[in-house]
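Subject: Handover of a structure for your review

Dear colleague,

Please find below the structure that I am handing over to you. My notes on what was found in it follow directly after.

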Amino acid sequence: MEVEKLNPSVLRDYRKGNWTVEETMILIEAKKLDEQRRSTTIKTTTKPTELRWKWIEEHCWKKGCFRSQNQCNDKWDNLMRDFKKIREFERRTRSISLSSLIKSDNNINNGDDDDGGSGRSYWKMEKLERKSHNLPSNMLPQIYEALAHVVEGKMGISVIPTTTTVGFHRPCTTTAATGALPLPPSRPPFGGGGVGDQLPLPTQGKRRKSNEEGSNLIETIKWYEEREETRHKELYIMHQKRYKIEESRIEMERQGFNELVDINSLSNSILAFTSSQRTPP
């Protein structure tokens, strides 16, 4: 869906100030349409980034979002920065929840009591708690979901939705009082066959989720270590350059001091020679 080109001679009165939710949703829709439009065009006819954001501005203008292409670009960068922070935090939270679930199941099988604590999701936090975790304080679920659709369409990855409840529920082992005898367990009981040992094993779906979350956690740790290593190398190079500059400065000061001493010695020699010439025999 192409946006009609408006008369470039017409000066636009762009809106300033904070973005409304409606304007933000219009921008996300425009960005999604732009990605679809560019994916269907021939790669040899790709346009510069400036023209792409001009197209987005035209679309937003037609939808009632009177913002410039620079405003749209800056807003999109801020949205993606906040989105990535929340996405990574939710992945870590789910990994913690999975670890807590496994630990809780092991405690139950051993006869211990545990409430199976879970990681606290971003969507269950108050604004102050979000700020304490260095997270955006005012991201709305509908905006996050819309951004997730754009990222999924562009990169082909799955994003954790906001409606997913953090934590898992254990299967219930009690039967309703219907008078009928319960069916025998599909798997042999654990240990000595006590009531606490007859909990079913995790389903294949949970195992698959566990593997996926474990892979995501490994990737996150690997990315963090690579980033720290790169940062360490950059700091090392910067310190080396600073050390060389300091050495050059000290060397220049030393040379200047030596030259000053030489000049002073020469001046004293000239004065001595002049004095000896003026002294009568």
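Helices here are DSSP runs of H or I with at least four residues, numbered from the N terminus. With that convention, Glu35 and Lys31 both belong to helix 1, where four residues, about one turn of the helix, separate them. Please note that this is a predicted model.

**Confidence**

The mean pLDDT of the protein is 75, and 66% of its residues reach 70 or more. Two stretches stay under 50. Over residues 1–6, where pLDDT is under 50, the model has 13 contacts beyond four places in sequence. Over residues 113–118, where pLDDT is also under 50, there are 11 such contacts. Where pLDDT is low, the predicted coordinates should not be read in detail.

**Salt bridges**

A search of the whole structure finds 17 salt bridges. The side chains of Arg12 and Glu58 form one of them, at 2.8 Å from N to O. Arg12 lies in the segment before helix 1 and Glu58 in helix 2, so this pair ties together parts that are 46 residues apart in sequence. Both Arg12 and Glu58 are buried. These two residues also belong to a network of salt bridges that links Arg12, Lys54, Glu57 and Glu58.

**Aromatic residues and charges over rings**

There are five aromatic pairs, counting rings whose centres lie within 6.5 Å. In one of them, the rings of Trp61 and Phe66 have their centres 4.7 Å apart and their planes at 70°, so the pair is edge-to-face, the limit for that class being over 60 degrees. Phe66 is partly exposed, with a relative accessible area of 36%. Tyr122 and Trp123 form another edge-to-face pair, with 4.8 Å between the centres and 90° between the planes. Tyr122 is buried, at 0% relative accessibility, and Trp123 is buried at 18%. Together with Phe83 and Tyr144, Tyr122 and Trp123 make up one aromatic cluster.

Arg12, the salt-bridge partner of Glu58, lies over the face of Trp61, at 4.5 Å from the ring centre. Arg130 lies over the face of Tyr122, at 4.0 Å from the ring centre.

**Nonpolar core**

In soluble globular proteins, nonpolar side chains tend to be buried together. In this model the largest nonpolar core has 29 residues. Those with the most contacts inside the core are Leu27, Ile28, Ile56, Cys60, Trp76, Met139 and Leu147. Helix 1 (21–40), helix 2 (49–62), helix 3 (69–109) and helix 5 (141–155) are the elements that give two or more residues to this core.

Which residues does Met139 contact, leaving aside its neighbours within four places in sequence? They are Leu79, Asp82, Phe83, Ile86, Tyr122, Trp123, Arg130, Tyr144 and Leu147. This list includes Phe83, Tyr122, Trp123 and Tyr144, the members of the aromatic cluster. Arg130, the residue over the face of Tyr122, is in contact with Met139 too.

**Individual positions**

Asn134 has a positive phi of about 60° although it is not a glycine. Its place is the loop between helix 4 (127–132) and helix 5, and at 55% relative accessibility Asn134 counts as exposed.

Glu50 lies in helix 2 and is exposed, at 58% relative accessibility. Its C-alpha atom is separated by 9.6 Å from that of Asn73, a residue 23 places away along the chain.

Yours sincerely

Notes: Residues numbered from 1 in each chain as written. Predicted model: local features only at pLDDT ≥ 70, side-chain atom pairs only at ≥ 80, totals over all residues. Heavy atoms only, no water. Phe/Tyr/Trp six-rings, centres within 6.5 Å; stacked < 30°, edge-to-face > 60°. Buried < 20%, exposed > 50% of the residue type's maximum accessible area, 1.4 Å probe, protein only. Lys NZ or Arg CZ within 6 Å of the ring centre and 35° of its normal. Core = buried A, V, L, I, M, F, W, Y, C linked by side-chain atoms within 4.5 Å. Contact = heavy atoms within 4.5 Å. Salt bridge = Lys/Arg side-chain N within 4 Å of Asp/Glu carboxyl O. pLDDT = per-residue confidence, 0-100.
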